[in-house]
Amino acid sequence: MDPSALGARLASSVVAPLVRKLFVQEGPGAGLVDAPVRISALVSFKGERRTLVQQSRTLDTLVTKIDAFLADHPSPRATDLAFEHTYLAHLARKHGRLTIYGIDLHNSPDRWPLDAAYMSLQATGPGRAEDPFEDLPPRAPVPADQALAGRDRVLLRGVAGSGKSTLVQWLAVSCTKPLGTTALPHLYGRIPFVLPLRTLTRAGAALPSPDRFLAATGCPVSGTQPAGWADRVLTAGRALLLVDGLDEIPEREREATRRWLRDLLDAFPGNLWLATTRPSAVRGDWLAPDGFDELALSPMSRDEVAAFIARWHRAARHDADDPELLDAYEQSLLTAVRTKPDLGRLATNPLMCGLICALHRDRRGYLPHGRKELYDAALSMLLSRRDRERDMRGPDGIELADEPQIQLLQRLAYWLIRNGRTELDRDRAERILADILPAVPAAASQGPAPAVFRHLLHRSGLLREPAPGTVDFIHRTFQDYLGAKAAVEEGDFGLLVQHAPDSQWADVIRMAVAHARPRERAELLRGLLARGELRTDLLAMACLEHATEIDPSVREEVNARTRAILPPRTREESQLLIEAGPLVLELLPGPDGLEDDEAQEVIVTAATNGTDAALECVKRFRDHPSPIARAQLAYQWAKFDTDRYTEEVVQHLDTNTNVTVSSPAELRALKALGGRPRTTVSGGFIAEELLDALHPHQVTHLTLADNPDLSDLTFLCDFPVLESLTLEDCPAVTTVAPLSGLLLRHLGVTGRADTGVRTPRGLDCLGHLNSLVLYVPLPPEGLAAFPADAPLTTLVLGQRVLPDFSRLTSWPGLKEIHLQRITDAFAAERWQALSLLGRLETFAFGLAEGETSTGIPPGLQLPQVTTLSLLNTGHRSPTEFAEQLRTALPAFPNIRALRLHGLIGGAIDLAPVESLPALQDLRLFHLTPSPDHPLPPHLNITLFPRPRT
């Protein structure tokens with residue numbers, strides 16, 4: 001309660017009784033002191049007793065009049081408080097719902113609860129360097145709704161649809177909330193004035209003084225506003241003034257607007273101010289002399305786009321009849337925005353994200369493969385519908401329908417494309433418009449080229465001025481779309497084909513197909529195919545989605561080209577697709593319908609790109625049934641952001657999937673996940689790091705790779721359930737003896753020739769081995785270095801087999817042996833040792849480079865072998881390889897499965913297999929059967945890579 005009201009109340013309720021108590025009869029006294037005091041002895045009244053009575057009555061009359069006056073004239077502050085309660089409640093209702101302009105879809109209401117739909121974007125300020133040569137970091141971005149925390153005056157810039165007006169709504173509503181519930185406590189107690197300049201200046205009205213703020217904006221409670229209330233709020237420094245849309249008033253009136261602002265700032269210091277504008281409407285220092293800090297709304301980040309889509313769908317559920325469907329729509333749209341670059345490029349501000357969400361819902365979870373419909377809707381919104389629906393007329397006196405604006409803008413876009421640029425000088429832009437204006441009467445009648453250009457710059461929502469005198473499109477997407485339209489209208493199909501190998505023209509060509517007529521599309525696509533290049537073939541395939549009508553023969557010709565390589569089945573095909581660039585991501589299929597080899601190569605192809613779209617592609621495979629495909633997913637961790645890949649891929653993989661980590665960040669992420677039983681760690685990690693991160697008590701299979709410094713394996717003794725250890729390119733490890741106490745079942749050692757990796761000592765200490773794989777040179781003592789008492793069932797030797805092989809019988813339980821490089825010295829007694837292994841079922845061998853004979857003695861047989869693999873290790877010709885096959889097969893009369901690894905391609909004569917009565921399964925790797933000798937019809941023949949039909 002203010003002091004005047006308090007004093008008045010005291011006069012009535014306190015002073016009168018006190019006076020009555022003072023003026024009582026002489027006798028016992030007034031009762032204010034312990035002993036009686038005779039007032040008549042102290043005070044001379046110069047009158048009679050009746051004078052005191054009259055004074056008392058006069059005072060009573062005065063008090064009564066004061067009470068009556070207060071009843072007729074309540075406290076201004078009390079009146080103010082009552083009105084503010086009403087006004088804030090109105091603001092909460094008016095601005096508590098978010099209006100989405102430009103969306104006229106019947107399934108998409110145009111107003112959403114602001115609390116559910118609003119999200120704060122980031123705003124950045126100019127660099128801090130006073131001198132252009134100072135190397136100071138840029139200012140850190142801040143949440144846009146925190147712009148006034150620590151600042152009194154802010155000029156906020158943002159492109160069309162970036163959320164400026166929505167931010168104004170949010171700030172106003174935040175002032176209406178109790179202190180405990182508002183997200184912006186620095187605004188608590190503020191009285192917001194929402195001042196949209198387009199409304200204040202409608203029909204040429206003068207900008208209002210504070211007492212007319214509410215009436216000028218059409219506030220329905222302005223009629224009950226107490227006289228002088230706005231002045232009192234501003235004088236007390238309690239106001240939040242939200243001046244929205246400096247760009248939406250005519251340029252000729254902006255200086256008057258600045259004077260209006262300055263007058264208010266001078267008259268009412270201490271208030272908070274936020275003014276908004278599009279980037280190029282006012283120059284950089286327009287309000288700087290008046291103490292305004294400048295901030296610019298940043299394009300939405302990947303995470304902000306995802307958050308916006310989530311909030312949009314959350315808001316849509318409030319009034320939806322199909323909330324379950326909205327859940328599915330939300331997830332499919334998130335995937336589409338991340339996997340389709342055209343959508344991702346559009347989804348950079350709330351307006352465009354809202355358009356995409358609405359179109360997606362209206363089509364019941366479907367967005368067209370082509371972009372034309374989406375872009376047409378966006379252009380309609382940005383060019384005119386948004387201003388019409390906001391009841392705005394051209395502030396510069398120019399009013400243009402969509403079509404003439406498009407005609408003008410597409411000429412600017414095509415000039416940029418043909419000249420390989422993304423921006424142009426303002427003078428050149430005006431000259432380009434001056435050349436085209438006579439051909440566009442609807443625009444020419446509006447004014448000269450400079451005036452029309454200013455209108456397009458400030459009102460179209462498609463152009464911006466990133467620096468004084470320089471112009472570009474707000475989205476490269478719109479430049480390409482409009483430029484492609486101009487190219488089609490000019491008939492420049494030869495020029496488009498000429499530039500097809502240039503990745504900067506890819507989207508232009510795709511949009512040209514969308515704009516073109518059927519015959520023009522056929523001409524353009526045939527021109528792309530005629531180049532005979534993989535990239536242009538893939539570009540033609542990508543164009544098909546935009547060809548709503550086209551000659552079926554042309555479509556089939558394009559499809560035939562792409563079937564030759566999609567989906568990829570070999571690493572060679574993957575590499576070709578990778579070289580074609582990001583375009584291929586949109587063409588990769590899966591996972592449904594893919595074989596294991598295709599799934600693996602699609603993952604490899606996509607992951608190499610390392611983008612958001614690539615992540616969306618590969619994460620579809622995280623539940624693929626193939627262990628090889630899932631392991632390939634884990635192997636690609638390093639290609640992506642560690643935390644996001646962990647969240648979206650790694651944590652979803654089956655625990656039996658081998659996970660590969662190659663950085664400290666990945667190792668920490670693996671630790672946070674609780675580790676994995678099967679782990680590969682690649683890189684120079686020390687023992688302490690591995691012990692800390694790998695959860696030793698659960699690791700069963702461990703691969704240590706590319707670690708040049710790790711030498712002591714003693715730390716692995718703390719891995720009590722470790723069953724399998726593989727060392728890849730770990731040259732400092734010279735002994736495995738410290739592992740003797742483990743129940744190790746498998747040991748593998750491999751290394752490149754240039755790393756100097758050798759077979760480590762101490763193999764004889766590993767008495768529990770079932771499997772030993774050595775792709776490194778054997779020790780001089782040969783098989784004598786192996787653990788004689790180990791229950792070996794699998795032995796793989798990748799280097800030349802020179803030592804005596806007679807000890808092989810020390811492991812009678814061997815079931816599988818691979819000898820990848822036998823030599824001429826592998827004589828009869830060694831083959832004889834193999835024949836003595838009665839449990840041997842699977843045998844693979846190859847002749848080393850430079851050797852001439854397998855050395856299989858005549859008449860020797862290994863009838864126990866049922867699966868035989870012949871390896872063309874020396875890369876011999878198919879004819880030579882066929883001769884090896886002919887000489888080897890008599891020694892294996894009972895084989896049921898034969899694998900031939902040709903390695904070099906070509907056709908091979910398979911006539912010798914006719915001598916194998918038990919043969920059922922034949923697999924050819926990089927080989928094809930010679931047509932000269934038809935194979936028995938009962939054989940199941942598989943070719944790798946699988947041929948395409």
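This is a predicted model: local features need pLDDT of at least 70, side-chain atom pairs count only at pLDDT 80 or more; totals for chains, interfaces and linings use all residues.
Reader: Is Ser 682 buried or exposed, and which side chain does it join through a polar contact?
Author: Ser 682 has a relative accessible area of 17%, and because buried means under 20%, it counts as buried. Leaving out residues up to four places away in sequence, Ser 682 touches Val 661, Ser 662, Ala 705 and Asp 706. One of these also takes part in a polar contact of 3.3 Å between side chains, and that partner of Ser 682 is Asp 706.

Reader: What is the order of the strands in the open sheet of seven strands, and which strands stand at its edges?
Author: The pairing in this open sheet is mixed, and the order of its strands is β4-β3-β9-β5-β8-β7-β6. Two of these strands each have a single partner strand, so one side of each is left without a neighbour in the sheet. Those edge strands are β4 (142-143) and β6 (191-196).

Reader: In which sense do β7 and β8 pair, and what is the bridge partner of Leu 240 in β8?
Author: Strands of a sheet can pair through backbone hydrogen bonds in either a parallel or an antiparallel sense. For strand β7 (residues 239-244) and strand β8 (residues 272-277), the pairing is in the parallel sense and extends over four bridges. In β8, the bridge partner of Leu 240 is Leu 272.

Reader: Why is β7 largely enclosed by the rest of the structure, and which of its residues point the other way from Ala 239, Leu 241 and Val 243?
Author: Six of the six residues of β7 are buried, so the strand is largely enclosed by the rest of the structure. In a regular strand the side chains alternate between the two faces of the sheet. In β7, Ala 239, Leu 241 and Val 243 point one way, and the residues that point the other way are Leu 240, Leu 242 and Asp 244.

Reader: How many residues does the largest nonpolar core have, and which residues does Phe 786 touch?
Author: The largest nonpolar core has 118 residues, and those with the most contacts inside it include Leu 713, Phe 786 and Phe 845. Not counting residues up to four places away in sequence, Phe 786 touches Leu 763, Asp 764, Leu 772, Leu 774, Leu 778, Leu 795, Leu 797 and Trp 811.

Reader: How many residues are in the other core, which lies apart from the largest one?
Author: Among the residues of this other core are Leu 359, Ala 413, Leu 482 and Ile 550. The core lies apart from the largest one, and its residues number 95.

Reader: Why does Cys 357 form no disulfide, and what does the count of disulfides come to?
Author: Cys 357 counts as buried, at 1% relative accessibility. The closest cysteine sulfur to its own is in Cys 353, at 6.4 Å, which is too far for a bond because a disulfide requires sulfur atoms within 2.5 Å. The count of disulfides comes to zero.

Reader: Where is Ala 320 found, and which residues is it in contact with?
Author: Ala 320 is found in the loop between α11 (302-316) and α12 (323-339), and it is buried, with a relative accessible area of 16%. Leaving aside neighbours within four places in sequence, Ala 320 is in contact with Leu 326 and Arg 361.

Technical notes
Residues are numbered from 1 along each chain as its sequence is written. Side-chain values use heavy atoms; hydrogens and water are left out. A nonpolar core is a set of buried Ala, Val, Leu, Ile, Met, Phe, Trp, Tyr and Cys residues joined through side-chain atoms within 4.5 Å. Buried means under 20% relative accessible area, exposed over 50%, partly exposed in between (1.4 Å probe, protein chains only). Contact means heavy atoms within 4.5 Å. A polar contact is a pair of N or O atoms within 3.5 Å; within protein, one must be able to donate a hydrogen and the other to accept it, and residues adjacent in sequence count only if both atoms are side-chain atoms. Helices (H or I, at least four residues) and strands (E, at least two) are DSSP runs, numbered from the N terminus. Two strands pair if DSSP finds at least two bridges between them.
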